[in-house]
Amino acid sequence: MSQIVDVTTIIEAIQPELSGGKFASVVDRINPASPAQTADILERLPAAQQPVLFRLLPKDRASAVFDILSPKQQSGLIQGLRNREVSEIFAGLDPDDRALLLDELPASLATRLLTGLTGAQRRLTTDLLGYPKGSIGRRMSPQVVSTRATYTAADTLSRIQKRLGDAETIYTIPVVDNARRVVGIISLRQLLAADSHAVIADIMSKAEVASAYDSAEDAARICIELRLLALPIVDRECRLLGILTVDDAGRIIEHEDSVDSARQGGMEPLGRPYLSTPVLQLVRSRIVWLLVLAVGATLTVQVLSVFEATLEQVTVLALFVPLLIGTGGNTGNQAATTVTRAIALGDVHTSDLLRVLLRECAAGFTLGTLLGLIGALMTGAIFGAPIGLTIGLTLLAVCTVAASIGGIMPLIAKRLNVDPAVFSNPFITTFVDATGLIVYFLIAKAVLGI
């Protein structure tokens, strides 16, 4: 029986034992851990030691641990195992998990693994690979139990019993007509509570469905928000193709949130635990964005060079540049993060762009008024009323512009079919820095008469 274990302590203990070949001791330390804890331990080991530990696990436990790993982590592990081990693991995966793993593997290895499957396994897997990347068609399970509206509760329970070994879930059963179009849904609880002769059409509920071509994230959020145990996936004619279970939906949302979080910070997601990620991969995940942002930052330098004469006349203006561009960047980032999250949750759509713009403009104006009053009073008391007025008006303008831009950028990205997180914090900060400086110096010239 598994128990709560200290994962960090186990990792520190087994690393030297794996290097020294003390495998019996490693097995003794790993045995009390659950599959989830074992997966955590495996992910945090150096890449060279991961296949060694995996081979020490009993076959059933190894399969359970492999299922928990992310596709990128599975790919790294599988390339360190022997061909026979790889084929056994691959054949034991569900079709949707196989499709995800194939996306991460080199083409030559992916082809070899597909060839080693049985005809039925290969057909189920290649059917999923025929859907676009990022669609729910690639993430659904085709191993679904269905029933007919004309069947009885007893007939349906009999069908479920025959599919217990391979069905993805038995707790939610789609109801289909003769053309396999989804006409309803029924739960196992309803079936068990119903009279054995009750007709499914009389006890089924309305079904929520998603198209196989819909975004995986959108379908997963529908499943989570409606608190469904499973969501039927259909083709364009509403014919049943598969099902998305709530645990798979949770994994999709967790992955998408990780991607959004990374991109809002100006980097690509790692796809594996930080400590087991090679340093070169850390560099690759950040360098492209840093180069893009560095080029964008030249706009700020150009603005400063254009207003160099203004700075020479009133040098005190240079003191407030970090304050103003920092405030503008933070305001824009707050608006962008709020709207990006609202888009992800389905609270905001591209058709709401004007409403979002007006709301963020009002929010930015209010924030700017409050910050501007404080800034004007404090700087005016030290550097004089003209400088105080300049700072106050600039904060008002910068906050209004930054909030407005930050609010609509994610919606524009969504309309262009680009990840809203890409248009988020780093790009907005760079853009607001340049525009904020232009606004600052134009206000300074007007107020100070220079």
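**Helix pair and sheet in a predicted model**

Student: How do α19 and α20 run relative to each other, roughly parallel or roughly antiparallel?

Tutor: α19 and α20 are roughly antiparallel to each other, where angles over 145 degrees count as roughly antiparallel, under 35 as roughly parallel, 65 to 115 as roughly perpendicular and the rest as oblique. This is a predicted model, in which local features need pLDDT of at least 70 and side-chain atom pairs count only at pLDDT 80 or more, while totals for chains, interfaces and linings use all residues. Residues are numbered from 1 along each chain as its sequence is written, and side-chain values use heavy atoms, with hydrogens and water left out.

Student: At what angle do the axes cross, then?

Tutor: The axes of α19 (residues 353-383) and α20 (residues 385-415) cross at roughly 160° and come within 6 Å; the axes are lines fitted to C-alpha atoms, for helices over the stretch in contact (heavy atoms within 4.5 Å), and angles run from 0 to 180 degrees between N-to-C directions. The crossing of α19 and α20 is right-handed, meaning that the near helix is turned clockwise from the far one by less than a right angle.

Student: Switching topic, how many helices and strands does the chain have?

Tutor: The chain has 21 helices and six strands, taken as DSSP runs numbered from the N terminus, with helices being H or I of at least four residues and strands E of at least two.

Student: And in what order do the three strands of the open sheet come?

Tutor: The order is β1-β2-β3 with mixed pairing, where two strands pair if DSSP finds at least two bridges between them. The edge strands, each pairing on one side only, are β1 (147-148) and β3 (182-187). β1 pairs with β2 (residues 172-176) in the parallel sense over two bridges, whereas β2 and β3 pair in the antiparallel sense over five bridges.

Student: Which residues stand opposite each other there?

Tutor: Arg-148 stands opposite Val-176, Thr-147 has Val-175 as its bridge partner, and Thr-172 stands opposite Ser-187 in β3. In the hairpin of β2 and β3, which has five residues between the strands, Arg-180 takes a positive phi near 65°.

Student: Why is β2 largely enclosed?

Tutor: Five of the five residues of β2 are buried, so the rest of the structure largely encloses this strand; buried means under 20% relative accessible area, with exposed over 50% and partly exposed in between (1.4 Å probe, protein chains only). Both faces are covered, with Thr-172, Pro-174 and Val-176 buried on one side and Ile-173 and Val-175 on the other.

Student: What share of the chain is buried?

Tutor: Buried residues make up 45% of the 450 residues in the chain.
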